[in-house]
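Open the model in your viewer and colour it by chain. This tour moves from one chain contact to the next, with something to select at each stop.

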Amino acid sequence: MAGTKTTTGAPTDVTQKHNKGGIGESTLRPDGTLKVTGEFAYSSDMWHEDMLWGQTLRSTVAHAEIVSIDTAEALAMDGVYAVLTYDDLPAEMKNYGLEIQDTPVLAHGKVRHHGEPVALVAADHPETARRAAAKIKIEYKELPVITDEASALAPDAVLVHEGRDDEYIKWVSHPNIVHNQPIIRGDAEEAAKKADFVVKGEYTFGMQDQAFLGPESGLAVPSEDGGVDLYVATQWLHSDLEQIAPVLGLPEEKVRMTLSGVGGAFGGREDISMQIHACLLALRTGKPVKIVYNRFESFFGHVHRHPAKLYYEHGATKDGKLTHMKCKIVLDGGAYASASPAVVGNASSLSAGPYVIDNVDIEAVALYTNNPPCGAMRGFGAVQACFAYEAQMDKLADKVGMDRVEFRQLNAMEQGTLLPTGQPVDSPAPVAEILRRVKARPLPPERQWEIADGDADVRELPGGLSNTTHGEGVVRGVGYAVGIKNVGFSEGFDDYSTAKVRMEVINGEAVATVHTAMAEVGQGGITVHAQIARTELGVQQVTIHPADTQVGSAGSTSASRQTYVTGGAVKNSCELVREKVLEIGRRKYGSYHPAWATAELLLEGGKVVTDGGEALADLAELLEDETVEIEAEWRHRPTVAFDKRTGQGNGHVQYSFAAHRAVVEVDTELGLVKVIELATAQDVGKALNPLSVVGQIQGGTTQGLGVAVMEEIVVDPKTAKVRNPSFTDYLIPTILDTPTIPVDVLELADPNAPYGLRGMGEAPTLSSTPAVLAAIRNATGLELNKTPVRPEHLTGT
Amino acid sequence: MDFLRPASWEEALAAKAEHPTAVPIAGGTDVMVEINFDHRRPEYLLDLNRVTELQDWHVGAETVQLGASVPYTKIMENLRAELPGLALASHTVASPQIRNRGGVGGNLGTASPAGDAHPALLAADCEVEVESQARGTRLIPIDAFYTGVKRNALEPDELIKSVHIKKADGPQQYSKVGTRNAMVIAVCAFGIALHPETRTVRTGIGSAAPTPIRAKAAEEFLNAALEEGGFWDNGKIITPSVAKQFAELCSGAANPIDDVRGTANYRKHAVGIMARRTLGWTWESYRSGKGRGAEGAA
Amino acid sequence: MRVNFTVNGRQQEADDVWEGESLLYVLRERMGLPGSKNACEQGECGSCTVRLDGVPVCSCLVAAGQAEGREVVTVEGLADFAKQRAEHGGCASGACGSEQGTSLQDAKQWQAKGTDSQTGEGGELSPVQQAFIDAGAVQCGFCTPGLLVAADELLERNESPSDADIREALSGNLCRCTGYEKILDAVRLAAARQGEAV
């Protein structure tokens with residue numbers, strides 16, 4: 001590789017020597033010390049001698065024909081090495097996309113959303129690149145904008161994508177629908193007649209941003225073989241690779257990807273951002289190119305959570321049993337498909353929530369519009385549905401005249417319950433129990449803001465440091481919610497991972513190395529891999545090799561799947577390594593002790609031991625200078641696609657359940673909210689690392705809080721332009737907005753999963769939002785069918 | 001872009017005289033955001049960090065002379081008794097890191113209606129001391145300082161040196177609405193200062209009109225009502241109807257817009273609520289003789 | 001333009017600095033100190049927090065030229081900064097850097113200091129850094145450097161902060177992963193250990 005010597009920030013092996021502990025123990029992160037000393041290199045920290053800076057010129061309008069692009073003035077500037085447009089793309093393939101290759105690498109003839117990349121610049125300084133980009137002249141001829149269901153599905157609507165030939169087009173009623181999924185089970189129409197109470201609701205879910213803190217960034221280094229080395233922050237290296245290589249016109253082996261430090265992801269790094277752009281510029285200039293988005297650009301650089309309109313009808317008998325549910329979920333996919341089809345699958349199949357409902361009539365659709373593209377974000381379609389069905393549950397419980405939690409418990413799913421898709425839930429589903437646990441918790445004390453002399457500590461009140469109330473207008477409310485999230489990739493996707501595990505002797509000690517392509521995005525996957533290796537191989541020292549494309553795919557760090565699938569792959573490869581090690585042992589020592597042939601043998605504490613605890617051999621002596629290395633794929637049980645018309649099919653592999661109780665205080669006059677406590681209970685099957693599990697639950701809970709009370713990308717409905725692309729106006733919770741989050745972790749093993757574990761990263765994001773909304777409704781008496789709730793909604797202004 | 005680094009106030013004035021388009025930078029909390037996001041490319045940046053007198057304050061008999069670059073943190077820590085309203089406003093500015101850098105000079109120079117200091121300065125009453133090399137010093141009354149959206153009474157060759165703020169002679173309060181409990185730009189803000197010596201009340205409203213404004217009709221109404229009812233002497237609780245009327249007049253003084261941070265209607269509503277509450281807090285503090293009113297707000 | 005200032009006790013110089021560059025950019029791209037993070041570049045997230053003459057500031061909002069002649073402490077120098085403070089009897093913020101100075105000899109240690117594995121384990125950490133690891137306050141870690149600088153400064157001036165004090169002091173530092181609970185735990189832990197040590 002050319003110039004590798006002067007690349008700084010390339011990840012290296014991370015070795016954990018002093019941090020013993022197998023699965024089930026709260027071992028500390030292998031990268032923790034690097035991260036607290038500032039030495040951990042994120043993708044934006046990559047640096048190379050003589051590197052250039054890449055800059056992206058983005059569309060200033062949402063929907064327009066590109067009449068002309070003039071790059072001459074930009075190219076003539078000192079310090080500018082390249083200016084690229086669509087015409088400069090080197091290969092036949094000029095598009096990319098997760099499910100549908102509908103996204104141009106650079107806009108071609110037309111821009112479909114505000115902020116779409118149109119041209120690229122490489123220059124010797126970021127400011128030079130910015131000035132050059134500003135000199136590129138683009139003439140647009142604006143087109144009408146499609147911004148919602150009505151404008152998208154009008155008979156004479158402008159088509160966002162003309163000439164579609166993707167696999168979904170034949171099932172949709174209008175070309176501005178990316179994908180739709182109906183699900184019919186039982187007879188909702190007939191069952192509705194038996195309902196004593198029916199509630200209908202129309203709900204709106206705002207566009208949420210992942211707002212990971214580490215901006216999209218990376219470094220592309222051209223190599224002597226005409227290929228490129230790409231250091232980047234992503235969620236799935238191999239998926240990126242499959243999209244990058246064809247556009248560069250290179251075989252995959254000439255695009256060598258290495259995962260740089262990832263500053264959070266939450267779904268926002270599923271899609272390509274700057275990867276292809278940096279490679280194009282590097283290959284064109286022959287120089288390393290670094291691209292780092294600033295926060296403004298980051299809001300245009302990745303997809304967001306689908307905003308949604310949800311129409312629900314539920315019925316119940318007078319003794320509180322659910323009779324039926326009808327719903328239509330309309331997701332705004334924006335200008336490009338991204339993960340919209342899969343989001344539709346999740347939203348529809350999980351639209352009934354964790355409840356027993358035998359008669360359902362469901363439809364979910366995703367639209368093409370000229371709004372910002374939407375795709376993966378933590379909770380992935382299940383979040384929007386949970387917000388709506390949990391509001392419905394409260395309304396229906398009130399109508400029936402039951403306690404809201406008891407009503408949920410009465411209708412709660414259990415092991416064996418059929419989903420709307422007809423698929424039985426085949427592992428524990430402790431829905432009633434997690435509700436019981438959050439309800440049983442003592443409530444936090446009232447008026448905790450009061451300090452001596454009748455004064456108030458405003459930090460404990462709505463408005464916080466802004467000093468808006470000293471207790472005036474403040475009313476407390478309590479709300480509950482529960483949700484269900486699928487784990488892993490569903491609908492027949494071949495969801496596998498690969499792990500390469502090596503065992504060898506270094507300095508007289510048997511040690512292990514784990515190499516996967518799993519994107520560590522903060523979740524603690526590498527911590528768990530080291531724990532699994534210790535548990536399975538009986539070693540102390542484990543080295544984590546950097547994630548790259550020199551090993552098979554690990555699948556995405558999403559869908560709550562990595563501990564399950566790549567964890568499973570690491571476990572599997574460790575078991576295979578163990579078998580080989582034992583073979584060596586049998587060969588060497590088999591004749592000395594009968595246990596080699598008869599007993600179940602384990603690797604523990606650096607030794608081969610019998611299940612009775614007798615030590616048979618020291619691993620270091622057994623191995624000597626032999627190295628045992630296995631790379632193997634591992635997959636979870638297969639799933640099938642949902643029927644396109646009825647939605648029936650065993651599409652999911654596992655589920656995750658969380659419940660929340662929110663306690664809020666609302667300044668009812670000013671419409672300001674302070675969340676006082678967000679108690680949660682979740683079944684995780686088996687907590688491989690309890691400290692990390694609790695951290696995931698608290699983090700996910702807080703993202704749910706954010707979209708309940710403050711987070712929304714605001715798009716102007718007239719122009720489809722984003723109005724708040726900055727951290728000044730897209731607000732995420734600060735430490736003063738975030739309450740105490742007590743966590744109750746249940747461990748009911750799923751017999752089908754490695755160690756009985758349950759993927760758990762997303763579920764807490766589901767129920768947190770509706771719980772906060774329910775608590776605000778409880779405090780104010782308002783209906784509140786939209787999230788996030790704004791002061792205007794609470795004050796009727 | 002050129003970076004001018006005057007070592008003294010005189011040098012700074014000379015630089016500004018020579019380059020009237022130079023953009024002064026002190027805390028950097030506005031200017032650097034604009035530069036980082038490519039919203040602004042000034043020809044000259046005029047760094048005021050080395051002009052030490054801008055970091056100083058002097059407490060006199062009647063007024064506090066507050067250097068333009070005194071960080072908000074210092075105002076909170078050192079001037080809570082003399083400038084309680086401004087100290088409270090300072091505490092609502094962004095984050096600790098920003099409060100360590102930013103000062104009132106930046107708020108005044110930018111003259112954004114959302115600047116947190118403005119309502120407190122309007123309510124306390126003050127004069128802005130500006131200076132040019134050519135014409136020397138002049139004092140601009142705060143009421144004449146804000147001339148339009150992000151515009152002020154400064155001439156191109158002038159720099160803001162300090163603010164002469166009346167020392168509190170009575171309780172002052174400050175409230176700001178934002179949609180987050182910390183680190184938030186004002187949706188709208190309200191400042192109030194009781195001036196028992198002159199038996200007047202002054203107000204300031206932020207983010208609810210093209211410029212920071214006072215609610216003059218509300219002030220006049222309240223001054224008359226307090227006088228009429230002998231409230232300054234008898235220390236009685238202000239009649240709810242008077243407080244209500246005051247709040248409505250404050251609300252009516254606002255002339256806000258709809259934007260991504262809030263609606264015009266909400267802003268008018270919230271100004272009224274804040275006016276009523278802060279009047280209650282300051283008056284309660286006045287009548288119970290509990291000092292100058294900054295307490296109770298952490 | 002040329003800019004000279006002291007970072008973590010070492011005199012540093014940068015040439016050809018564009019006048020619009022921030023202190024953050026110069027640290028990250030010109031001085032090889034990328035520990036301070038570039039999450040928002042608008043003073044809203046605190047991930048670039050450094051001490052400037054002892055005062056915690058967002059380095060993205062300090063023009064590089066404004067740092068001329070001043071003392072900067074970044075997360076890379078935090079362990080030594082804390083150690084010096086402990087050895088010199090906990091001098092107040094502001095005084096540590098500019099008044100007493102870190103000798104060049106001392107200053108070189110932080111860069112030269114080897115660690116015994118590629119995790120960096122074995123290197124000396126400040127109490128706050130260790131507490132962040134132990135409490136599980138680090139996930140993706142992008143907010144961590146700024147939080148550490150802010151939390152260290154809080155514990156320097158307030159040995160036993162209340163929860164509300166911690167929340168207020170860290171309200172300028174956004175974290176997207178943890179929900180802040182374990183960050184609170186970490187600061188409480190560091191304060192408790194600091195208390196035991198005295």
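Start where chain C meets chain A: 29 residue pairs are in polar contact there, both at pLDDT 80 or more. That cut-off matters here, as this is a predicted model.

Now select helix 1 (23–30), helix 5 (127–134), helix 6 (144–157), helix 7 (163–169) and helix 8 (181–197) of chain C. Each gives two or more residues to the side that touches chain A. By class, that side of chain C has 24 nonpolar, 15 polar and 17 charged residues.

Next, zoom in on C:Arg176 and A:Glu711. They form a salt bridge, with the closest N and O atoms 2.6 Å apart. The rule finds 6 salt bridges across this interface of chain C and chain A.

Zoom out again. Show the 56 residues of chain C and the 72 residues of chain A that make the contact. About 5,200 Å² is buried between these chains, and carbon and sulfur atoms give 57% of it.

Move on to chain B. Here 48 residues of chain A are in contact with 40 residues of chain B. The two chains bury about 3,600 Å² between them, 52% of it on carbon and sulfur atoms.

Which side chain of chain B meets A:Arg131 in a salt bridge? Select B:Asp38: the N to O distance is 3.1 Å. On chain A, helix 3 (126–135) is among the elements that supply at least two residues to the side touching chain B.

Last stop: residues 37–144 of chain A. An unreviewed UniProt entry places the feature "domain: Aldehyde oxidase/xanthine dehydrogenase a/b hammerhead" there. This stretch is 14% helix and 37% strand. Its end C-alpha atoms are 52 Å apart.

Methods. Residues numbered from 1 in each chain as written. Chains lettered and ligands numbered in written order. Predicted model: local features only at pLDDT ≥ 70, side-chain atom pairs only at ≥ 80, totals over all residues. Heavy atoms only, no water. Contact = heavy atoms within 4.5 Å. Buried area = accessible area lost by both parts, 1.4 Å probe. Salt bridge = Lys/Arg side-chain N within 4 Å of Asp/Glu carboxyl O. Helix = DSSP H or I, 4+ residues; strand = E, 2+ residues; numbered from the N terminus. UniProt positions renumbered as here; feature names shortened; annotations may be inferred. Polar contact = N/O pair within 3.5 Å; in protein donor to acceptor, adjacent residues only side chain to side chain. Nonpolar A, V, L, I, M, F, W, Y, C, P; charged D, E, K, R; others polar.
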